[in-house]
Amino acid sequence: MNNSLWAEILVLGVVLTNFRLLASSRLFGLIDTMQIQAIALCAIPIALAPSASALSFRLVMLALITLAVKGWILPRLLKHAVQKTNIQREIEPFVGYDFSIMVGIILLGVCFLISYRFGTDANLSSHFLLPSALFSLLIGLMIIISRRKALTQVIGYLTMENGVYLFGAALAIKEPLLVEMGVLLDVFVAVFIMGITIYQINSEFDHIDTDRLSELKD
Amino acid sequence: MNPLFHILSWFSALILSPLLVGVINRTKAFYGGRKGQPLLQAYYDLFKLLHKGAVYSQTTSWIFRAAPIISLSVALTALLLIPVMGYRSVLSFRGDIIFLAYILGLMRFVIVLAALDTGSAFEGMGASREMQLSLLAEPIFLTCLAVLAAGTGQLDLSGMIKSLWSTSTSQTNAAVLLITGALIIVLLTENARIPVDDPTTHLELTMIHEVMILDYGGIDLAFIEYASALKLWTFSALLIGIAFPFRAGSPHIDLIIGIGGIFLIAVMIGIIESTMARLRLLRLPQMMIAAAALSLTAFIWVIK
(Lines give C-alpha, C1' and ligand atoms only; values in the text may rest on other atoms or scores of the structure.)
Protein backbone atom coordinates (compact mmCIF):
# COMPACT_ATOMS: atom_id res chain seq x y z
CA MET A 1 0.00 0.00 0.00
CA ASN A 2 1.66 3.18 -1.12
CA ASN A 3 0.94 6.69 0.02
CA SER A 4 -1.18 7.74 -2.94
CA LEU A 5 -3.52 4.79 -2.43
CA TRP A 6 -4.08 5.88 1.17
CA ALA A 7 -4.79 9.43 0.01
CA GLU A 8 -7.30 8.11 -2.53
CA ILE A 9 -8.99 5.93 0.08
CA LEU A 10 -9.28 8.90 2.42
CA VAL A 11 -10.75 11.16 -0.28
CA LEU A 12 -13.13 8.34 -1.23
CA GLY A 13 -14.02 8.10 2.46
CA VAL A 14 -15.05 11.76 2.38
CA VAL A 15 -17.20 11.13 -0.73
CA LEU A 16 -18.85 8.09 0.86
CA THR A 17 -19.54 9.87 4.14
CA ASN A 18 -21.23 12.56 2.05
CA PHE A 19 -23.55 9.90 0.64
CA ARG A 20 -24.16 8.63 4.17
CA LEU A 21 -25.10 12.16 5.25
CA LEU A 22 -27.66 12.24 2.45
CA ALA A 23 -29.13 8.86 3.35
CA SER A 24 -29.37 8.98 7.12
CA SER A 25 -32.29 10.30 9.11
CA ARG A 26 -30.93 9.82 12.62
CA LEU A 27 -29.29 12.93 14.00
CA PHE A 28 -26.80 11.00 16.14
CA GLY A 29 -25.85 8.94 13.10
CA LEU A 30 -25.37 12.14 11.09
CA ILE A 31 -23.10 13.61 13.75
CA ASP A 32 -21.06 10.39 13.94
CA THR A 33 -20.70 10.46 10.16
CA MET A 34 -19.54 14.09 10.39
CA GLN A 35 -16.94 12.96 12.89
CA ILE A 36 -15.64 10.19 10.60
CA GLN A 37 -15.51 12.68 7.73
CA ALA A 38 -13.53 15.12 9.86
CA ILE A 39 -10.99 12.43 10.80
CA ALA A 40 -10.56 11.48 7.13
CA LEU A 41 -10.18 15.18 6.26
CA CYS A 42 -7.41 15.71 8.79
CA ALA A 43 -5.46 12.73 7.53
CA ILE A 44 -5.59 13.83 3.87
CA PRO A 45 -2.88 16.56 3.97
CA ILE A 46 -0.58 14.14 5.81
CA ALA A 47 -1.26 11.29 3.38
CA LEU A 48 -0.63 13.65 0.46
CA ALA A 49 2.87 14.54 1.64
CA PRO A 50 5.34 12.84 -0.71
CA SER A 51 7.63 11.70 2.10
CA ALA A 52 7.94 11.86 5.87
CA SER A 53 10.55 14.61 5.63
CA ALA A 54 8.11 16.78 3.65
CA LEU A 55 5.80 16.98 6.66
CA SER A 56 6.28 20.44 8.06
CA PHE A 57 5.43 21.40 11.61
CA ARG A 58 2.76 23.72 10.21
CA LEU A 59 1.03 20.92 8.29
CA VAL A 60 0.93 18.57 11.27
CA MET A 61 -0.31 21.30 13.61
CA LEU A 62 -3.04 22.24 11.14
CA ALA A 63 -4.17 18.60 10.97
CA LEU A 64 -4.13 18.23 14.75
CA ILE A 65 -6.05 21.45 15.42
CA THR A 66 -8.61 20.54 12.77
CA LEU A 67 -8.95 17.11 14.33
CA ALA A 68 -9.52 18.65 17.75
CA VAL A 69 -12.10 21.19 16.55
CA LYS A 70 -13.97 19.20 13.90
CA GLY A 71 -13.43 15.70 15.18
CA TRP A 72 -14.07 16.33 18.84
CA ILE A 73 -15.41 19.73 19.97
CA LEU A 74 -18.01 20.32 17.23
CA PRO A 75 -19.56 16.81 17.45
CA ARG A 76 -19.72 17.20 21.22
CA LEU A 77 -21.51 20.54 20.85
CA LEU A 78 -23.97 19.13 18.32
CA LYS A 79 -24.69 16.01 20.38
CA HIS A 80 -25.30 18.26 23.36
CA ALA A 81 -27.80 20.24 21.27
CA VAL A 82 -29.52 17.02 20.16
CA GLN A 83 -29.88 15.86 23.74
CA LYS A 84 -31.14 19.26 24.90
CA THR A 85 -33.76 19.56 22.20
CA ASN A 86 -34.67 15.87 22.52
CA ILE A 87 -35.10 15.38 18.78
CA GLN A 88 -33.62 12.15 17.47
CA ARG A 89 -34.68 12.00 13.83
CA GLU A 90 -35.26 14.13 10.79
CA ILE A 91 -38.77 13.15 9.78
CA GLU A 92 -40.29 14.18 6.45
CA PRO A 93 -37.47 16.02 4.72
CA PHE A 94 -38.38 18.14 1.69
CA VAL A 95 -36.51 15.67 -0.53
CA GLY A 96 -36.66 11.96 0.28
CA TYR A 97 -33.57 9.94 1.17
CA ASP A 98 -33.53 7.62 -1.86
CA PHE A 99 -34.01 10.53 -4.23
CA SER A 100 -31.31 12.48 -2.39
CA ILE A 101 -28.80 9.71 -3.09
CA MET A 102 -29.70 9.64 -6.77
CA VAL A 103 -29.25 13.40 -6.96
CA GLY A 104 -25.96 12.92 -5.10
CA ILE A 105 -24.69 10.51 -7.75
CA ILE A 106 -25.57 13.00 -10.49
CA LEU A 107 -23.88 15.80 -8.52
CA LEU A 108 -20.73 13.69 -8.22
CA GLY A 109 -20.65 13.26 -12.00
CA VAL A 110 -21.21 17.00 -12.47
CA CYS A 111 -18.38 17.80 -10.05
CA PHE A 112 -15.99 15.61 -12.01
CA LEU A 113 -17.11 17.26 -15.26
CA ILE A 114 -16.59 20.74 -13.80
CA SER A 115 -13.14 19.85 -12.51
CA TYR A 116 -12.12 18.90 -16.05
CA ARG A 117 -12.50 22.57 -16.90
CA PHE A 118 -9.96 23.52 -14.25
CA GLY A 119 -7.41 21.48 -16.14
CA THR A 120 -4.61 19.50 -14.63
CA ASP A 121 -2.22 22.44 -14.33
CA ALA A 122 -3.91 23.82 -11.23
CA ASN A 123 -0.95 22.60 -9.18
CA LEU A 124 -3.08 20.16 -7.22
CA SER A 125 -1.53 17.38 -5.22
CA SER A 126 -4.23 14.88 -6.21
CA HIS A 127 -6.70 15.09 -9.08
CA PHE A 128 -9.51 13.82 -6.90
CA LEU A 129 -9.33 16.57 -4.33
CA LEU A 130 -10.94 19.21 -6.53
CA PRO A 131 -14.08 17.26 -7.53
CA SER A 132 -14.41 15.86 -4.01
CA ALA A 133 -14.16 19.33 -2.51
CA LEU A 134 -16.80 20.60 -4.93
CA PHE A 135 -18.93 17.56 -4.11
CA SER A 136 -18.75 18.25 -0.37
CA LEU A 137 -19.77 21.86 -1.01
CA LEU A 138 -22.76 20.84 -3.14
CA ILE A 139 -23.86 18.09 -0.73
CA GLY A 140 -23.71 20.59 2.14
CA LEU A 141 -25.85 22.99 0.14
CA MET A 142 -28.24 20.19 -0.75
CA ILE A 143 -28.64 19.18 2.91
CA ILE A 144 -29.32 22.80 3.88
CA ILE A 145 -32.09 23.25 1.31
CA SER A 146 -33.67 19.81 1.51
CA ARG A 147 -33.97 19.22 5.26
CA ARG A 148 -36.38 20.73 7.74
CA LYS A 149 -34.64 20.60 11.10
CA ALA A 150 -32.26 23.39 12.07
CA LEU A 151 -29.78 20.83 13.43
CA THR A 152 -29.56 18.98 10.13
CA GLN A 153 -29.00 22.29 8.40
CA VAL A 154 -26.08 23.01 10.74
CA ILE A 155 -24.65 19.65 9.68
CA GLY A 156 -25.09 20.72 6.04
CA TYR A 157 -23.23 23.94 6.82
CA LEU A 158 -20.39 21.93 8.36
CA THR A 159 -20.25 19.68 5.28
CA MET A 160 -19.89 22.77 3.10
CA GLU A 161 -17.10 23.96 5.34
CA ASN A 162 -15.42 20.57 4.99
CA GLY A 163 -15.49 21.09 1.24
CA VAL A 164 -13.75 24.46 1.72
CA TYR A 165 -11.17 22.77 3.92
CA LEU A 166 -10.59 20.13 1.25
CA PHE A 167 -9.92 22.92 -1.26
CA GLY A 168 -7.41 24.25 1.22
CA ALA A 169 -5.85 20.82 1.64
CA ALA A 170 -5.36 20.60 -2.11
CA LEU A 171 -3.26 23.77 -1.96
CA ALA A 172 -1.90 23.38 1.58
CA ILE A 173 1.67 23.83 0.45
CA LYS A 174 0.93 27.40 -0.65
CA GLU A 175 -1.85 28.41 1.69
CA PRO A 176 -0.87 30.32 4.82
CA LEU A 177 -1.78 28.73 8.11
CA LEU A 178 -3.47 31.92 9.27
CA VAL A 179 -6.32 31.65 6.74
CA GLU A 180 -7.08 28.07 7.73
CA MET A 181 -7.07 29.00 11.38
CA GLY A 182 -9.37 31.94 10.74
CA VAL A 183 -11.86 29.73 8.90
CA LEU A 184 -11.71 27.15 11.66
CA LEU A 185 -12.37 29.79 14.31
CA ASP A 186 -15.31 31.17 12.30
CA VAL A 187 -16.85 27.72 12.03
CA PHE A 188 -16.33 27.04 15.69
CA VAL A 189 -18.03 30.26 16.74
CA ALA A 190 -20.82 29.78 14.19
CA VAL A 191 -21.66 26.27 15.37
CA PHE A 192 -21.43 27.39 18.97
CA ILE A 193 -23.96 30.17 18.33
CA MET A 194 -26.17 27.88 16.22
CA GLY A 195 -26.22 25.32 19.04
CA ILE A 196 -27.42 27.95 21.50
CA THR A 197 -29.91 29.37 18.99
CA ILE A 198 -31.36 25.94 18.28
CA TYR A 199 -31.85 25.38 21.96
CA GLN A 200 -33.54 28.77 22.30
CA ILE A 201 -35.81 28.14 19.29
CA ASN A 202 -36.75 24.77 20.71
CA SER A 203 -37.62 26.08 24.15
CA GLU A 204 -39.60 28.95 22.58
CA PHE A 205 -41.56 27.03 19.94
CA ASP A 206 -41.23 23.35 21.01
CA HIS A 207 -39.75 22.41 17.62
CA ILE A 208 -36.80 23.27 15.39
CA ASP A 209 -38.51 23.07 12.01
CA THR A 210 -37.20 26.04 10.12
CA ASP A 211 -40.06 26.14 7.61
CA ARG A 212 -42.54 26.71 10.40
CA LEU A 213 -40.59 29.68 11.71
CA SER A 214 -41.81 31.79 8.81
CA GLU A 215 -45.39 31.59 10.00
CA LEU A 216 -46.52 34.82 11.62
CA LYS A 217 -47.41 34.75 15.24
CA ASP A 218 -48.54 37.37 17.75
CA MET B 1 -2.05 -22.66 -18.47
CA ASN B 2 -1.87 -26.41 -18.04
CA PRO B 3 -5.05 -28.48 -18.30
CA LEU B 4 -4.42 -30.11 -14.92
CA PHE B 5 -4.93 -26.75 -13.21
CA HIS B 6 -8.25 -26.21 -15.02
CA ILE B 7 -9.46 -29.71 -14.16
CA LEU B 8 -8.45 -29.25 -10.53
CA SER B 9 -10.12 -25.85 -10.17
CA TRP B 10 -13.32 -26.90 -11.94
CA PHE B 11 -13.70 -30.16 -10.03
CA SER B 12 -12.88 -28.57 -6.69
CA ALA B 13 -15.80 -26.23 -7.36
CA LEU B 14 -18.05 -29.17 -8.28
CA ILE B 15 -17.11 -31.15 -5.20
CA LEU B 16 -16.76 -28.41 -2.60
CA SER B 17 -19.63 -26.04 -3.44
CA PRO B 18 -22.30 -27.80 -1.29
CA LEU B 19 -19.83 -27.55 1.59
CA LEU B 20 -20.20 -23.73 1.42
CA VAL B 21 -23.80 -24.08 2.57
CA GLY B 22 -22.61 -26.28 5.45
CA VAL B 23 -19.99 -23.72 6.47
CA ILE B 24 -22.56 -20.91 6.44
CA ASN B 25 -24.95 -22.98 8.57
CA ARG B 26 -22.24 -23.96 11.06
CA THR B 27 -21.17 -20.31 11.41
CA LYS B 28 -24.77 -19.33 12.13
CA ALA B 29 -25.10 -22.19 14.63
CA PHE B 30 -21.87 -21.09 16.35
CA TYR B 31 -23.25 -17.55 16.72
CA GLY B 32 -26.54 -18.90 18.01
CA GLY B 33 -24.75 -21.10 20.58
CA ARG B 34 -25.96 -24.28 18.90
CA LYS B 35 -24.06 -27.30 17.67
CA GLY B 36 -25.64 -27.04 14.25
CA GLN B 37 -26.26 -29.53 11.49
CA PRO B 38 -23.38 -31.66 10.13
CA LEU B 39 -21.01 -29.87 7.74
CA LEU B 40 -21.90 -32.38 5.04
CA GLN B 41 -25.68 -31.99 5.46
CA ALA B 42 -26.05 -30.44 1.99
CA TYR B 43 -24.42 -33.57 0.46
CA TYR B 44 -26.77 -35.86 2.40
CA ASP B 45 -29.74 -33.82 1.19
CA LEU B 46 -28.58 -33.92 -2.41
CA PHE B 47 -27.92 -37.66 -2.16
CA LYS B 48 -31.37 -38.25 -0.67
CA LEU B 49 -33.11 -36.14 -3.30
CA LEU B 50 -31.27 -37.85 -6.16
CA HIS B 51 -32.75 -41.18 -5.09
CA LYS B 52 -36.31 -39.94 -5.25
CA GLY B 53 -38.60 -39.71 -8.20
CA ALA B 54 -40.18 -36.46 -9.33
CA VAL B 55 -43.86 -35.59 -9.17
CA TYR B 56 -45.20 -33.08 -11.67
CA SER B 57 -48.39 -31.08 -11.46
CA GLN B 58 -50.78 -31.60 -14.39
CA THR B 59 -51.02 -27.87 -15.04
CA THR B 60 -47.32 -27.56 -15.78
CA SER B 61 -45.75 -27.76 -19.21
CA TRP B 62 -42.29 -28.71 -20.49
CA ILE B 63 -40.90 -25.41 -19.18
CA PHE B 64 -41.32 -26.65 -15.64
CA ARG B 65 -39.37 -29.83 -16.43
CA ALA B 66 -36.66 -28.08 -18.45
CA ALA B 67 -35.90 -25.36 -15.91
CA PRO B 68 -33.80 -27.42 -13.44
CA ILE B 69 -31.69 -28.86 -16.25
CA ILE B 70 -31.13 -25.47 -17.88
CA SER B 71 -30.32 -23.83 -14.56
CA LEU B 72 -27.78 -26.52 -13.62
CA SER B 73 -26.09 -26.44 -17.02
CA VAL B 74 -25.94 -22.65 -16.95
CA ALA B 75 -24.36 -22.78 -13.49
CA LEU B 76 -21.75 -25.23 -14.77
CA THR B 77 -21.02 -22.93 -17.74
CA ALA B 78 -20.71 -19.88 -15.52
CA LEU B 79 -18.14 -21.76 -13.49
CA LEU B 80 -16.01 -22.21 -16.61
CA LEU B 81 -15.88 -18.44 -17.07
CA ILE B 82 -14.54 -17.58 -13.65
CA PRO B 83 -10.76 -17.26 -13.49
CA VAL B 84 -9.26 -18.56 -10.26
CA MET B 85 -7.10 -15.81 -8.75
CA GLY B 86 -6.30 -14.25 -12.11
CA TYR B 87 -5.26 -17.39 -13.98
CA ARG B 88 -6.83 -17.71 -17.39
CA SER B 89 -10.21 -19.43 -17.19
CA VAL B 90 -11.27 -22.27 -19.50
CA LEU B 91 -13.75 -20.13 -21.42
CA SER B 92 -12.14 -16.75 -21.83
CA PHE B 93 -12.77 -14.29 -24.63
CA ARG B 94 -13.12 -10.56 -25.13
CA GLY B 95 -16.39 -9.40 -23.63
CA ASP B 96 -17.02 -12.50 -21.54
CA ILE B 97 -18.17 -10.21 -18.71
CA ILE B 98 -21.38 -9.53 -20.62
CA PHE B 99 -21.78 -13.26 -21.29
CA LEU B 100 -21.32 -14.01 -17.60
CA ALA B 101 -23.88 -11.41 -16.51
CA TYR B 102 -26.45 -12.69 -18.98
CA ILE B 103 -26.09 -16.43 -18.45
CA LEU B 104 -26.61 -15.73 -14.77
CA GLY B 105 -29.66 -13.76 -15.90
CA LEU B 106 -30.78 -16.76 -17.98
CA MET B 107 -30.55 -18.98 -14.89
CA ARG B 108 -32.85 -16.66 -13.00
CA PHE B 109 -35.15 -16.30 -16.00
CA VAL B 110 -35.83 -20.03 -16.39
CA ILE B 111 -36.55 -20.46 -12.68
CA VAL B 112 -38.94 -17.50 -12.78
CA LEU B 113 -40.64 -18.94 -15.89
CA ALA B 114 -41.02 -22.32 -14.18
CA ALA B 115 -42.49 -20.65 -11.12
CA LEU B 116 -45.05 -18.87 -13.30
CA ASP B 117 -45.69 -22.14 -15.18
CA THR B 118 -47.06 -23.81 -12.05
CA GLY B 119 -49.97 -21.36 -12.12
CA SER B 120 -49.78 -20.89 -8.36
CA ALA B 121 -50.45 -17.31 -7.21
CA PHE B 122 -48.00 -17.89 -4.40
CA GLU B 123 -45.14 -18.73 -6.75
CA GLY B 124 -46.09 -15.87 -9.05
CA MET B 125 -45.59 -13.52 -6.13
CA GLY B 126 -42.13 -14.95 -5.51
CA ALA B 127 -41.31 -14.61 -9.20
CA SER B 128 -42.37 -10.98 -9.18
CA ARG B 129 -40.20 -10.25 -6.14
CA GLU B 130 -37.23 -12.04 -7.67
CA MET B 131 -37.51 -10.00 -10.85
CA GLN B 132 -37.87 -6.78 -8.88
CA LEU B 133 -34.65 -7.49 -7.01
CA SER B 134 -32.73 -8.64 -10.05
CA LEU B 135 -33.83 -5.50 -11.86
CA LEU B 136 -31.89 -3.61 -9.21
CA ALA B 137 -29.00 -6.03 -8.76
CA GLU B 138 -28.14 -6.62 -12.41
CA PRO B 139 -27.22 -3.00 -13.33
CA ILE B 140 -25.06 -2.84 -10.20
CA PHE B 141 -23.28 -6.05 -11.18
CA LEU B 142 -22.71 -4.77 -14.73
CA THR B 143 -21.46 -1.42 -13.42
CA CYS B 144 -18.96 -3.23 -11.20
CA LEU B 145 -17.71 -5.20 -14.20
CA ALA B 146 -17.57 -1.98 -16.23
CA VAL B 147 -15.40 -0.42 -13.50
CA LEU B 148 -13.01 -3.36 -13.82
CA ALA B 149 -12.97 -3.04 -17.60
CA ALA B 150 -12.37 0.73 -17.52
CA GLY B 151 -9.80 0.47 -14.76
CA THR B 152 -7.68 -2.26 -16.27
CA GLY B 153 -8.30 -1.65 -19.97
CA GLN B 154 -9.09 -5.34 -20.50
CA LEU B 155 -12.29 -6.82 -21.84
CA ASP B 156 -12.01 -10.39 -20.58
CA LEU B 157 -12.49 -11.36 -16.97
CA SER B 158 -9.22 -13.30 -16.76
CA GLY B 159 -7.19 -10.38 -18.05
CA MET B 160 -8.92 -7.94 -15.72
CA ILE B 161 -8.37 -9.92 -12.57
CA LYS B 162 -4.81 -10.72 -13.60
CA SER B 163 -3.85 -7.07 -13.99
CA LEU B 164 -5.65 -5.94 -10.83
CA TRP B 165 -3.35 -5.12 -7.90
CA SER B 166 -0.20 -5.91 -9.87
CA THR B 167 -0.10 -3.38 -12.69
CA SER B 168 -3.11 -1.19 -12.00
CA THR B 169 -2.93 2.36 -10.68
CA SER B 170 -3.89 3.44 -7.18
CA GLN B 171 -6.90 5.13 -8.78
CA THR B 172 -8.18 1.75 -9.97
CA ASN B 173 -7.29 0.05 -6.70
CA ALA B 174 -9.32 2.56 -4.70
CA ALA B 175 -12.28 2.01 -7.06
CA VAL B 176 -11.90 -1.75 -6.65
CA LEU B 177 -12.31 -1.36 -2.89
CA LEU B 178 -15.63 0.37 -3.57
CA ILE B 179 -16.94 -2.25 -5.97
CA THR B 180 -15.96 -4.96 -3.48
CA GLY B 181 -18.57 -3.45 -1.19
CA ALA B 182 -21.13 -3.30 -3.98
CA LEU B 183 -20.36 -6.87 -5.08
CA ILE B 184 -20.93 -8.19 -1.55
CA ILE B 185 -24.44 -6.73 -1.67
CA VAL B 186 -24.98 -8.18 -5.16
CA LEU B 187 -23.74 -11.58 -3.92
CA LEU B 188 -26.17 -11.54 -1.00
CA THR B 189 -29.03 -10.52 -3.29
CA GLU B 190 -28.34 -12.95 -6.12
CA ASN B 191 -27.88 -15.88 -3.77
CA ALA B 192 -30.95 -15.04 -1.67
CA ARG B 193 -29.02 -14.62 1.58
CA ILE B 194 -30.24 -12.85 4.68
CA PRO B 195 -30.53 -9.10 4.50
CA VAL B 196 -32.46 -9.72 1.27
CA ASP B 197 -34.05 -13.14 1.57
CA ASP B 198 -34.00 -15.82 4.25
CA PRO B 199 -33.08 -19.22 2.78
CA THR B 200 -34.39 -21.10 5.82
CA THR B 201 -37.81 -19.53 6.09
CA HIS B 202 -40.96 -21.04 4.70
CA LEU B 203 -43.28 -18.24 5.68
CA GLU B 204 -45.20 -16.92 2.72
CA LEU B 205 -44.72 -13.26 3.58
CA THR B 206 -40.95 -13.42 3.53
CA MET B 207 -39.90 -15.95 0.92
CA ILE B 208 -38.42 -14.95 -2.41
CA HIS B 209 -36.21 -17.67 -3.83
CA GLU B 210 -37.62 -20.59 -1.84
CA VAL B 211 -41.18 -19.86 -2.89
CA MET B 212 -40.33 -20.25 -6.57
CA ILE B 213 -39.07 -23.80 -6.14
CA LEU B 214 -41.86 -25.02 -3.86
CA ASP B 215 -43.35 -27.32 -6.50
CA TYR B 216 -40.11 -29.11 -7.19
CA GLY B 217 -39.15 -32.39 -5.60
CA GLY B 218 -36.73 -35.25 -5.99
CA ILE B 219 -34.11 -35.02 -8.71
CA ASP B 220 -35.32 -31.63 -9.94
CA LEU B 221 -34.97 -30.10 -6.50
CA ALA B 222 -31.50 -31.62 -6.18
CA PHE B 223 -30.53 -30.01 -9.51
CA ILE B 224 -31.80 -26.61 -8.40
CA GLU B 225 -30.15 -26.81 -4.97
CA TYR B 226 -26.86 -27.87 -6.53
CA ALA B 227 -27.11 -25.10 -9.15
CA SER B 228 -27.62 -22.48 -6.47
CA ALA B 229 -24.64 -23.82 -4.51
CA LEU B 230 -22.57 -23.51 -7.70
CA LYS B 231 -23.87 -19.98 -8.22
CA LEU B 232 -22.76 -19.06 -4.70
CA TRP B 233 -19.34 -20.55 -5.50
CA THR B 234 -19.17 -18.57 -8.78
CA PHE B 235 -19.90 -15.25 -7.08
CA SER B 236 -17.53 -15.98 -4.18
CA ALA B 237 -14.72 -16.95 -6.55
CA LEU B 238 -15.25 -13.75 -8.54
CA LEU B 239 -15.30 -11.65 -5.36
CA ILE B 240 -12.15 -13.23 -3.93
CA GLY B 241 -10.34 -12.84 -7.25
CA ILE B 242 -11.18 -9.12 -7.30
CA ALA B 243 -10.74 -8.29 -3.64
CA PHE B 244 -7.74 -10.38 -2.61
CA PRO B 245 -4.58 -8.45 -3.53
CA PHE B 246 -1.83 -11.05 -3.02
CA ARG B 247 -0.73 -13.77 -5.41
CA ALA B 248 1.70 -16.53 -4.51
CA GLY B 249 2.89 -16.97 -8.09
CA SER B 250 2.49 -20.73 -8.24
CA PRO B 251 -0.89 -21.78 -9.74
CA HIS B 252 -1.60 -24.60 -7.33
CA ILE B 253 -0.79 -22.63 -4.19
CA ASP B 254 -2.96 -19.79 -5.54
CA LEU B 255 -5.76 -22.28 -6.13
CA ILE B 256 -5.58 -23.36 -2.49
CA ILE B 257 -5.51 -19.71 -1.34
CA GLY B 258 -8.49 -18.98 -3.60
CA ILE B 259 -10.52 -21.88 -2.22
CA GLY B 260 -9.60 -20.80 1.32
CA GLY B 261 -10.80 -17.31 0.44
CA ILE B 262 -14.09 -18.66 -0.89
CA PHE B 263 -14.70 -20.43 2.42
CA LEU B 264 -13.78 -17.23 4.25
CA ILE B 265 -16.54 -15.51 2.27
CA ALA B 266 -18.91 -18.28 3.39
CA VAL B 267 -17.94 -17.55 7.00
CA MET B 268 -18.50 -13.84 6.33
CA ILE B 269 -21.98 -14.58 4.95
CA GLY B 270 -22.67 -16.64 8.09
CA ILE B 271 -21.59 -13.72 10.27
CA ILE B 272 -23.72 -11.26 8.29
CA GLU B 273 -26.69 -13.63 8.58
CA SER B 274 -26.33 -14.00 12.33
CA THR B 275 -25.74 -10.33 13.12
CA MET B 276 -28.27 -8.74 10.77
CA ALA B 277 -32.01 -9.04 10.59
CA ARG B 278 -33.74 -9.60 7.31
CA LEU B 279 -34.70 -6.22 5.83
CA ARG B 280 -38.30 -5.38 5.13
CA LEU B 281 -39.21 -5.78 1.47
CA LEU B 282 -39.80 -2.04 1.19
CA ARG B 283 -36.37 -1.26 2.59
CA LEU B 284 -34.56 -3.47 0.05
CA PRO B 285 -34.49 -0.86 -2.76
CA GLN B 286 -32.75 1.48 -0.31
CA MET B 287 -29.94 -1.03 0.19
CA MET B 288 -29.69 -1.53 -3.55
CA ILE B 289 -29.51 2.23 -4.09
CA ALA B 290 -26.62 2.35 -1.61
CA ALA B 291 -24.87 -0.37 -3.62
CA ALA B 292 -25.63 1.54 -6.82
CA ALA B 293 -24.10 4.66 -5.28
CA LEU B 294 -20.97 2.67 -4.43
CA SER B 295 -20.59 1.20 -7.90
CA LEU B 296 -21.39 4.44 -9.75
CA THR B 297 -18.96 6.39 -7.57
CA ALA B 298 -16.33 3.80 -8.44
CA PHE B 299 -17.22 4.17 -12.11
CA ILE B 300 -16.95 7.98 -12.04
CA TRP B 301 -13.71 7.61 -10.11
CA VAL B 302 -12.16 5.26 -12.59
CA ILE B 303 -13.09 7.02 -15.84
CA LYS B 304 -11.67 10.32 -14.62
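Predicted model: local features only at pLDDT ≥ 70, side-chain atom pairs only at ≥ 80, totals over all residues.

On the α2(A) side, the contact is formed by A:L27, A:F28, A:I31, A:M34, A:Q35, A:A38, A:I39, A:L41, A:C42, A:P45 and A:I46. The α3(A) side contributes A:L59, A:L62, A:A63, A:T66, A:L67, A:K70, A:G71, A:P75, A:L78, A:K79 and A:V82. Helix α5 (residues 121-152) of chain B and helix α7 (residues 170-190) of chain B pack at about 155 degrees, with axes 10 Å apart. This angle makes α5(B) roughly antiparallel to α7(B), and the crossing of the two helices is left-handed. From α5(B), the contact takes B:L133, B:A137, B:I140, B:F141, B:C144, B:V147, B:G151 and B:T152. Its partners in α7(B) are B:T172, B:A175, B:V176, B:I179, B:A182, B:L183, B:V186, B:T189 and B:E190. These residues comprise 12 nonpolar, four polar and one charged.

Helix α5(B) itself has 32 residues and spans 46 Å from its first C-alpha to its last, close to the expected 46 Å. A bend of about 25 degrees occurs in α5(B) at B:S134. Just after the helix, B:G153 adopts a positive phi of about 75 degrees.

A third pair joins the two chains. Helix α4 (residues 97-118) of chain A and helix α11 (residues 284-303) of chain B pack at about 5 degrees, with axes 10 Å apart, which makes α4(A) roughly parallel to α11(B). In α4(A), the residues A:D98, A:I101, A:G104, A:I105, A:L108, A:G109 and A:F112 meet B:P285, B:Q286, B:I289, B:A293, B:L296, B:T297 and B:I300 in α11(B). The residues of this contact divide into nine nonpolar, four polar and one charged.

| Helix pair | Angle | Axis separation |
|---|---|---|
| α5(B) and α7(B) | about 155 degrees | 10 Å |
| α4(A) and α11(B) | about 5 degrees | 10 Å |

The contact between the chains takes 17 residues from chain A and 15 residues from chain B. On the side of chain B that touches chain A, α7 and α11 each supply at least two residues. The largest share of that side, eight residues, comes from α11(B). The residues on this side of chain B are nine nonpolar, five polar and one charged.

Notes: Residues numbered from 1 in each chain as written. Chains lettered and ligands numbered in written order. Axes fitted to C-alpha atoms, helices over the stretch in contact; angles between N-to-C directions. Helix = DSSP H or I, 4+ residues; strand = E, 2+ residues; numbered from the N terminus. Parallel < 35°, antiparallel > 145°, perpendicular 65-115°, else oblique. Left-handed = near helix turned anticlockwise from the far one by under 90°. Contact = placed C-beta atoms within 7 Å. Nonpolar A, V, L, I, M, F, W, Y, C, P; charged D, E, K, R; others polar. Expected span 1.5 Å × (residues − 1). Bend = angle between axes of the 7 residues up to and from the residue.
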